[in-house]
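Please keep the sequence and the three-dimensional view at hand while reading.

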Amino acid sequence: MNGWEQHLAVAPVALPLIVGAIMVTLDEQRAKLKAALGLASILGLLGIAVFLAIRLHVGIGPGIAVYRLGNWPASFGIVLMLDRLSALLLIVTALLGLAAQLYALPRWQRMGAHFHALLQFQLMGLNGAFLTGDLFNLFVFFEVLLAASYGLALHGSGVARVKAGLHYIAVNLAASLLFLIGVSMIYGVAGTLNMADLAARIPQMPAANRPLLEAGAAILGIAFLVKAAAWPLGFWLVPTYAAASPPAAAIFSMMSKVGIYAVARLVLLLFGTGTGASAGFGGTWLVAGGVATIAFGAVSVLATQDLPRLAGANVYISSGTLLAAVGAGQVGVTGGALFYLVSSALAIGAFFLLIELLDRGRDIGADVLAVTLEAYGEGEEEDEEDDAIGVPIPVTMAILGICFLCCALLLAGLPPLSGFIAKFAMLNALLNPAGLGKGPALIPWSGWALLIALFLSGFATILAMTRAGIRNLWATEDGAVPRVRAIEIAPILMLLLVCIGMTVAAGPVMRYMQAAAATLHAPQDYPRQVLGRTR
Amino acid sequence: MELVLAIAIGLLAGSGVWLLMRPRTFQLIIGLSLLSYAVNLFIFSMGRFPIGAPPILAPGGQGDPASFADPLPQSLVLTAIVIGFATTALFLVVMLAARGLTRGDHVDGRPRQ
């Protein structure tokens with residue numbers, strides 16, 4: 001990329017920053033103007049992200065673009081580093097941002113102050129975290145996105161939100177301190193914080209310094225795992241996400257993926273193949289932690305009684321699957337995991353939005369009551385009423401039901417939607433490490449553990465989703481049809497349509513994912529691109 | 001010097017962690033503040049501390065670059081202090097809101113027994 005196009009790499013950070021700053025100066029009466037600005041900004045982000053991804057994918061070379069801020073050479077100045085994975089995550093972030101923005105238009109934007117500005121800063125932090133090529137700058141962007149998320153988590157106020165937010169902020173402040181300890185230890189040992197420079201220096205590092213480096217990386221990893229809500233560091237997630245307003249929860253489904261992204265970046269770049277004595281550091285822990293997170297998620301999915309918590313529990317399963325897949329350290333598994341990441345982030349985002357529409361007009365305790373009734377075997381006989389032939393399902397309920405079905409299929413990974421393709425790709429790569437038809441290979445225990453966990457978690461999810469679907473859509477107690485506006489159902493449909501699109505165009509999308517995974521698994525390309533070329 | 005600093009960091013971190021486990025929001029925020037002091041000192045110490053080394057210019061010429069303290073951790077610490085200060089202030093606001101809504105200062109929102 002050259003000319004004006006190379007400056008596009010900084011646009012995903014600069015655009016929401018500028019728009020957000022303008023929004024702060026506007027007062028709350030100008031909600032329409034703010035909404036228009038926000039929509040324009042997010043649509044711009046989406047366009048830029050798609051453009052960057054296409055340029056990177058069809059271009060020649062290893063698919064890594066570098067943008068030097070202030071044009072200082074790397075390792076003195078801070079660089080932005082764009083590869084296929086970053087570009088992909090920029091697209092997903094923009095899609096979820098768009099959904100949150102559209103969904104907030106009728107109601108939620110008026111439920112508290114500065115929703116639009118917070119959303120822009122949230123997007124800025126997310127995009128920055130995905131783009132940066134410097135560990136300390138990653139910390140700064142983490143803080144930006146967390147600060148915005150504190151505001152978004154509390155959007156709408158109320159006791160439940162403030163109580164959950166208190167825990168959320170405390171946990172994340174503590175995790176940020178761990179982040180700083182890890183970063184400074186790595187700096188103390190390696191003498192640089194530029195990721196590519198680190199990747200170049202770690203293979204040559206003397207053995208005496210390695211324990212300190214690995215300790216630093218492990219502490220840093222714990223900070224990321226807190227954000228990714230890995231077991232046992234993720235108990236904050238369900239209360240926070242379940243209490244958050246739906247548009248905020250939708251964008252949060254991307255926020256937990258930032259932790260995954262950071263872990264993947266760190267593990268594959270600094271401790272990937274060909275990085276000397278530390279290669280493969282942390283892989284076993286990631287697989288074990290990931291499988292434990294999946295197990296915890298599967299149990300929570302079955303145990304939850306209300307829909308928002310069910311969605312939160314699904315985030316655990318998604319995080320665990322991704323962590324274990326990254327820990328497996330195979331190109332094919334990583335490629336499938338990226339597909340899974342996109343599919344599950346979009347599906348969970350859509351599910352968070354959908355839940356509120358389903359919950360609308362029902363009393364809060366209905367879910368708990370329903371499950372309790374089920375447990376005690378009561379309430380079975382009162383269904384025999386005179387509408388045995390049935391009443392026509394209202395159109396709204398039909399659409400909501402179809403959306404729910406799509407979410408269930410995507411989250412559980414059942415055919416025919418993209419969740420299945422992602423899981424199939426991961427399982428295929430796990431069972432045939434050498435490639436399909438290359439003869440039987442020895443599958444490590446971690447592969448089997450992940451395989452079993454994937455199957456069982458899918459089963460638990462479909463069970464829980466079916467139960468929730470029957471209770472909330474098929475056999476509703478009161479039969480009231482929620483009042484839903486088209487603008488509220490549109491973002492859900494959009495997210496699900498993207499997933500369906502990924503299913504239809506699975507070939508090209510999967511090729512992109514595999515190319516992204518191949519770039520990630522070739523860490524020696526990064527120093528060459530980031531440090532080598534001077535303009 | 002190293003020993004004094006290590007003990008100081010340990011004391012701050014230890015008391016910070018202990019306070020973090022306490023049930024009152026005031027203890028929580030003091031604990032977080034102490035922890036962040038400990039972490040800031042820790043980052044600072046990662047730049048090594050040459051003692052008695054000349055500043056950038058030694059009398060009558062350039063100083064020896066090898067004896068300077070590393071400026072990068074100092075800039076990192078500055079950023080960390082600013083960010084930590086901002087997030088702590090934000091946390092304080094949320095705590096006040098929680099205090100108002102739950103009428104108690106328990107971190108789980110339970111009223112005082």
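The model is predicted.

**Nonpolar cores**

The largest nonpolar core holds 210 residues, and the members that touch the most others are A:Leu135, A:Phe351 and B:Phe91. Helix H13 of chain A (residues 331-359) gives the most to this core, contributing 19 residues. In general, nonpolar side chains of soluble globular proteins tend to be buried together.

The contacts of B:Phe91 can be set out by chain. Leaving aside residues up to four places away in sequence, B:Phe91 touches A:Leu166, A:Ile169, A:Ala170 and A:Leu173 in chain A, and B:Leu28, B:Ile29 and B:Leu32 in chain B.

**Helix H3 of chain B**

B:Phe91 is one of the buried residues of H3(B); among the others are B:Leu76, B:Val77, B:Ile83, B:Val94 and B:Met95. The buried set also includes B:Pro73, B:Thr87 and B:Thr102. What do these buried residues pack against? Their partners are helix H5 (135-153) and helix H6 (159-190) of chain A, together with H2 of chain B.

H3(B) has 32 residues, and the distance from its first C-alpha to its last is 46 Å, close to the 46 Å expected at 1.5 Å a residue. Just after the helix, B:Arg103 adopts a positive phi of about 55°.

**A strand pair in chain A**

Strand S2 of chain A (residues 79-83) is mostly covered, with five of its five residues buried. In a regular strand, side chains alternate between the two faces of the sheet. In S2(A) both faces are covered: A:Val79, A:Met81 and A:Asp83 are buried on one side, and A:Leu80 and A:Leu82 are buried on the other. Strand S1 of chain A (residues 64-68) pairs with S2(A) in the antiparallel sense over five bridges. Within this part of the chain, A:Tyr67 stands opposite A:Leu80 of S2(A).

**Salt bridges**

Over all chains, a search of the whole structure finds four salt bridges. Side chains of opposite charge can pair when their charged atoms come close.

| Pair | N to O distance |
|---|---|
| A:Arg201 and A:Asp197 | 3.3 Å |
| A:Asp525 and A:Arg528 | 3.3 Å |
| B:Arg24 and B:Asp105 | 3.3 Å |

Where do A:Arg201 and A:Asp197 lie? Both are in helix H7 of chain A (residues 195-201), four residues apart, which is about one turn of the helix. A:Arg201 counts as partly exposed because its relative accessibility is 36%, whereas A:Asp197 is buried at 7% relative accessible area.

A:Asp525 and A:Arg528 are three residues apart in helix H20 of chain A (residues 525-532), so about one helical turn separates them. A:Asp525 is buried, with a relative accessible area of 18%, while A:Arg528 counts as exposed at 53% relative accessibility.

B:Arg24 is partly exposed, with a relative accessible area of 22%. B:Asp105, with a relative accessible area of 18%, is buried because the value is under 20%.

Notes
Residues numbered from 1 in each chain as written. Chains lettered and ligands numbered in written order. Predicted model: local features only at pLDDT ≥ 70, side-chain atom pairs only at ≥ 80, totals over all residues. Heavy atoms only, no water. Core = buried A, V, L, I, M, F, W, Y, C linked by side-chain atoms within 4.5 Å. Buried < 20%, exposed > 50% of the residue type's maximum accessible area, 1.4 Å probe, protein only. Helix = DSSP H or I, 4+ residues; strand = E, 2+ residues; numbered from the N terminus. Contact = heavy atoms within 4.5 Å. Pairing = 2+ DSSP bridges. Salt bridge = Lys/Arg side-chain N within 4 Å of Asp/Glu carboxyl O. Expected span 1.5 Å × (residues − 1).
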